[in-house]
Amino acid sequence: MLLRDPSLAPLGRQKIEWARQYMPVLNELNREFEKDKPFSGVKITVAVHLEAKTACLCLALAAGGAEVHATGTNPLSTQDDVAAGLAAMGVSVFAQHGCTPEEYERQLKLALECRPDIFLDDGGDLVELLHGACEHLSGRVVGGTEETTTGIHRLHARQAAGKLRFPVLAANDAQMKYLFDNRYGTGQSTLAAVMSATNLQVTGKVVVVAGYGWCGRGVAMRAAGLGARVIVTEVDPVKAIEAVMDGFQVMTMDDAAPLGDFFITVTGNCDIIVKRHFDRMKNGAVLANAGHFDIEVDAKALRETATEVLDQRKGIQGYRQSDGRVLNLLAEGRLVNLGAGDGHPVEIMDMTFAVQALGLKYMWEHGKSLAPGVHDIPPEIDSKIALCKLSSQGTSIDTLTPKQIEYMNSF
């Protein structure tokens, strides 16, 4: 175990039990796993934002017989009380809030020292270690799952280079993940974190959203719903015209820089907001990143050019420019919805973590027959989760009749 403060366990357990009440799909899987023990004797390393919903996933895997070793995937997203609570409930935890990059890597390595059979990655750091510094711990690995768009990009790049040695399921690309988690989850949690951290209103403000993938769509939709004027920046012409059709103004970041009150990046790429943009921004502009890594807003340039650094509020640093303007960066430019908030809503992560739980089950059962590379989550997993979610809400849907099935299969 590697915890910041084990005495926080009661508070962490309270958070975990609260989340459990609103996760009907994962609770149903927990019951199935407890009965069938699909992970009996299996070692699983889980690297994901370590907070209450994640803890519920880890406990479901443990209920299925797994030996779970959990760690965080972002130095600011780990909640020390939840980490302590999860450890007290029988999961091996190696995670501390606010750790240095070196400490963060050590925690990942400690979680891999169990020599896992399967793993859950969030952003691709486990995969990188299993192909590099921790290659000696990869001998039993059958395969894993990946949670994020960023991680999927890294996997495809590794696969294209012929350097991915085991199969990984693209959990992020499952419909029951990206249609809800990326869009509604990111939209709500990002705006909630920005509003909570700043205590500023969104109504009447100009919100610049960089990137119009599923996450960007969610952020733009929620900002508009709060009364903001939304500007979208994009590099993909198809996504750009989609943003226009959805009613948003589209322009370059160079043109948006002097107009925005809030800037939110959701691209998964580097150098989205850089020095030339800082030079044009309003006094008091707020910068937030909702992408996985702290590479979208050039925080290094902000630090180097600032004449003064101000601790504005918890989680907000102000960087005074030579002309007196102050630009405010949230959560050090790290993932804002977890660095300055509690992450996605519980009900959203209920579906996402059901995808992960069933994806890991599928990988353990079928991984040895899968070729190394990135694989889709089987569609029957999406359907099972959707039906379970609908049932938990008291919603029924129609089914095709034999005649309708015959018609759909005719030509």
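Which backbone nitrogen lies 2.8 Å from a polar atom of the side chain of E103? Point 1 picks that up; keep in mind throughout that this is a predicted model.

1. The backbone nitrogen is that of T100, at 2.8 Å from a polar atom of the E103 side chain. E103 itself belongs to helix α5, which covers residues 101-112. As for cover, E103 counts as partly exposed because its relative accessibility is 35%. Have a look at P75 while you're there: the C-alpha atoms of P75 and E103 sit 8.9 Å apart in space, although the two residues are 28 apart in sequence.

2. Next, the seven-stranded sheet. The sheet is open, its pairing is parallel, and the strand order reads β3-β2-β1-β4-β5-β6-β15. At the edges you'll find β3 (92-94) and β15 (373-375), each of which pairs on one side only. Going from one strand to the next, the twist averages 20°.

3. Zoom in on the β3 end of that sheet. Strand β2, residues 67-71, runs parallel to β3, and three bridges join the two. For a landmark, find H69, which stands opposite S92 in β3.

4. Now for another pair of strands, β7 and β8. β7 spans residues 206-210 and β8 spans residues 229-233; they run parallel and are joined by five bridges. Two handy reference points: R229 in β8 is the bridge partner of V206, and V208 stands opposite I231 in β8.

5. How many of the residues of β7 are buried? Five of the five are, so β7 is largely enclosed by the rest of the structure. β8 comes out as largely enclosed too, because four of its five residues are buried.

6. Side-chain directions in β7 are worth a look on screen. In a regular strand, side chains alternate between the two faces of the sheet. Here V206, V208 and A210 point one way, while V207 and V209 point the other way, and all of them are buried.

7. Is D350 buried or exposed? D350 has a relative accessible area of 0%, and buried means under 20%, so D350 counts as buried. This aspartate is part of helix α15, residues 346-366. A polar atom of the D350 side chain lies 2.8 Å from the backbone nitrogen of L26.

8. Then there's helix α10, residues 237-245. The N-terminal end of α10 is capped by D236: one of the side-chain oxygens of D236 lies 2.8 Å from the backbone nitrogen of V238. After α10 comes G247, which has a positive phi, near 100°.

9. Stay with α10 for the surface. I241, V244, M245 and V250 make up a nonpolar patch there, and together they have about 370 Å² of accessible area. α10 gives the most to this patch, with three residues.

Notes. Residues are numbered from 1 along each chain as its sequence is written. This is a predicted model: local features need pLDDT of at least 70, side-chain atom pairs count only at pLDDT 80 or more; totals for chains, interfaces and linings use all residues. Side-chain values use heavy atoms; hydrogens and water are left out. Patches are made of residues with over 30% relative accessible area and no salt bridge: like charges are joined within 9 Å, nonpolar side chains (Val, Leu, Ile, Met, Phe, Trp, Tyr) within 5 Å. Accessible areas come from the Shrake-Rupley method with a 1.4 Å probe; for residues, only the protein chains shown count as cover. A salt bridge is a side-chain nitrogen of Lys or Arg within 4 Å of a carboxyl oxygen of Asp or Glu. A polar contact is a pair of N or O atoms within 3.5 Å; within protein, one must be able to donate a hydrogen and the other to accept it, and residues adjacent in sequence count only if both atoms are side-chain atoms. Two strands pair if DSSP finds at least two bridges between them. Axes are lines fitted to C-alpha atoms, for helices over the stretch in contact, and angles run from 0 to 180 degrees between N-to-C directions. Buried means under 20% relative accessible area, exposed over 50%, partly exposed in between (1.4 Å probe, protein chains only).
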